[in-house]
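Subject: Structure handover

Hello,

Please find the structure below, followed by notes on what was found in it.

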Amino acid sequence: MESKKRNLNLDLTKCIAVFTVLSVHFFYNNGFYSIPVSTPRMYLMTGMRTLFMVCVPLFLLVTGALMNKKALSARYYRGILHTLFIYLLSCIACMGFNYFYKGIPYTPSQAILSIFDFSAAQYSWYVEMYLGLFLMIPFLNLIYQNLTTKRQKQILVLIFLALTSLPTMVNYYKEIVPNWWQGIYPISYYFLGAYLSEYPVSMKKRFLALLLFIWIIFCTMFNIHFSYGEKFVWGIYNGWGGFQNVLSSALLFALIQKLNLSGLPSLIKNIIVRISVLSFGTYLVSYIFDQIFYQKLNRTVLFMEDRLLYYPLIVPAVFICSLLISQCFQFLYQIIFRKQQKMK
């Protein structure tokens, strides 16, 4: 099956990334951000959210690991077709859900425009970001691959981290270092993923796991401190490009790459590969099931902190339902484009 000739560790990383992004959405949809951080259960939820924020960085690190040798060619750019096809189907599914389930009307022009402005599928900000990154990748690779030594590549990564993440560490109270370049954090993660795949971390798994655990505890305490007695503060330090998520995602990525997965049963390997392949569509259509499940949860469980007890039910339910829809999209893609290839 598809597990042959694949890096199963990277596939597992994508599986973890898509599940953690749905876990971040658990807090986005259950009222977490409307309650002061002042109770033990809110402290626990702050810690969970801190851990789950590795989701987007992990996707970007995997992109760097997988695509850092891609060269400029027409064949490379044709590779975006699958992404665009899944995005289009996700837009149609989300708009259909909004129309029939939520009663939101669309005129033909509104529907078309919402696809192009990335509002038709409500979680498609990532698509807008990824399309730009995809266009730049062959040129980013010219930079990375033409550096001849490990030291040069380290300097490249450190420069981009200094531009995008260092300001999130030192600029909270007052601007000390320039922060204009913070928005290009996807490129920082891309180069970091390329570097970590070429030069794996030499630390032992146990030490990496311990470092990750200590770091998450530290970041949780940091977040509780700045949000204590108030609604959770989503600051520059714990955003997607913030220093907290840079280190936690890098540690987790390095740890996953060290796992020996060769002894897993074939069934488990194939499941990991399948979820990896379907992760993009799963993420996009999860909006539909977020709306269904969290609407019922929030109506049924009025006290927000009690909704935490439903995390083991809600997130897996959203994940499985979204995965099934994504599989349907993948079937359509294979049917349509295999037919076109045969006709050629």
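Which residue does the side chain of Arg-6 meet in a salt bridge? The partner is Asp-11, with N and O 2.7 Å apart. Before going further, please keep in mind that this is a predicted model.

Salt bridges

The structure holds three salt bridges.

Another salt bridge joins Arg-41 and Asp-306, whose closest N and O atoms are 2.9 Å apart. Arg-41 belongs to helix H2 (residues 40-52) and Asp-306 to the loop between helix H13 (266-300) and helix H14 (311-343), so this pair ties together parts that are 265 residues apart in sequence. Both ends count as partly exposed: Arg-41 has a relative accessibility of 29%, and Asp-306 has 28%.

Lys-153 and Glu-198 also meet through their side chains in a salt bridge, at 2.9 Å from N to O. Here helix H8 (residues 150-164) supplies Lys-153 and helix H10 (residues 185-198) supplies Glu-198, so the pair ties together parts that are 45 residues apart in sequence. Lys-153 is buried, with a relative accessible area of 4%, while Glu-198 is partly exposed at 36%.

The loop between H6 and H7

Ser-124 sits in the loop between helix H6 (108-116) and helix H7 (125-145). Its relative accessible area is 0%, so Ser-124 is buried. What does the side chain of Ser-124 reach at 2.6 Å? That is the backbone oxygen of Ala-121. A polar atom of the Ser-124 side chain also lies 2.7 Å from the backbone oxygen of Phe-118. Leaving aside neighbours within four places in sequence, the contacts of Ser-124 are Tyr-87, Phe-118, Ser-119 and Leu-284.

Phe-118 is in the loop between H6 and H7 as well. Its phi is near 65 degrees, a positive value in a residue other than glycine. Most residues other than glycine have a negative phi. Is Phe-118 buried or exposed? At a relative accessibility of 19%, Phe-118 counts as buried because the cut-off for that class is under 20%.

Helix H3 (residues 55-67) has 13 residues, which at 1.5 Å a residue should span 18 Å; the end C-alpha atoms are 19 Å apart, so the two values agree. H3 is mostly covered, with 12 of its 13 residues buried. Among them are Cys-55, Pro-57, Phe-59, Thr-63, Gly-64 and Met-67.

Helix H5 (residues 81-100) has 20 residues and reaches 28 Å from its first C-alpha to its last, close to the 28 Å expected. Its buried residues include Thr-83, Phe-85, Ser-90, Cys-91, Cys-94 and Asn-98.

Which residues form a nonpolar patch on the surface? They are Met-203, Phe-207, Leu-210, Phe-213, Ile-214, Ile-217 and Met-221, with about 680 Å² of accessible area together. Of these, Phe-213 is placed in helix H11 (residues 205-227). Phe-213 has a relative accessibility of 53% and therefore counts as exposed.

Tyr-228 is in the loop between H11 and helix H12 (243-257). Tyr-228 also counts as exposed, because its relative accessibility is 53%. Apart from neighbours within four places in sequence, Tyr-228 is in contact with Val-37 and Tyr-43. How many Å separate the C-alpha atoms of Tyr-228 and Pro-316? The separation is 30 Å, for residues 88 places apart along the chain.

Regards

How values were computed. Residues are numbered from 1 along each chain as its sequence is written. This is a predicted model: local features need pLDDT of at least 70, side-chain atom pairs count only at pLDDT 80 or more; totals for chains, interfaces and linings use all residues. Side-chain values use heavy atoms; hydrogens and water are left out. Patches are made of residues with over 30% relative accessible area and no salt bridge: like charges are joined within 9 Å, nonpolar side chains (Val, Leu, Ile, Met, Phe, Trp, Tyr) within 5 Å. Accessible areas come from the Shrake-Rupley method with a 1.4 Å probe; for residues, only the protein chains shown count as cover. A salt bridge is a side-chain nitrogen of Lys or Arg within 4 Å of a carboxyl oxygen of Asp or Glu. Helices (H or I, at least four residues) and strands (E, at least two) are DSSP runs, numbered from the N terminus. Buried means under 20% relative accessible area, exposed over 50%, partly exposed in between (1.4 Å probe, protein chains only). The expected span of a helix is 1.5 Å times one less than its number of residues. A polar contact is a pair of N or O atoms within 3.5 Å; within protein, one must be able to donate a hydrogen and the other to accept it, and residues adjacent in sequence count only if both atoms are side-chain atoms. Contact means heavy atoms within 4.5 Å.
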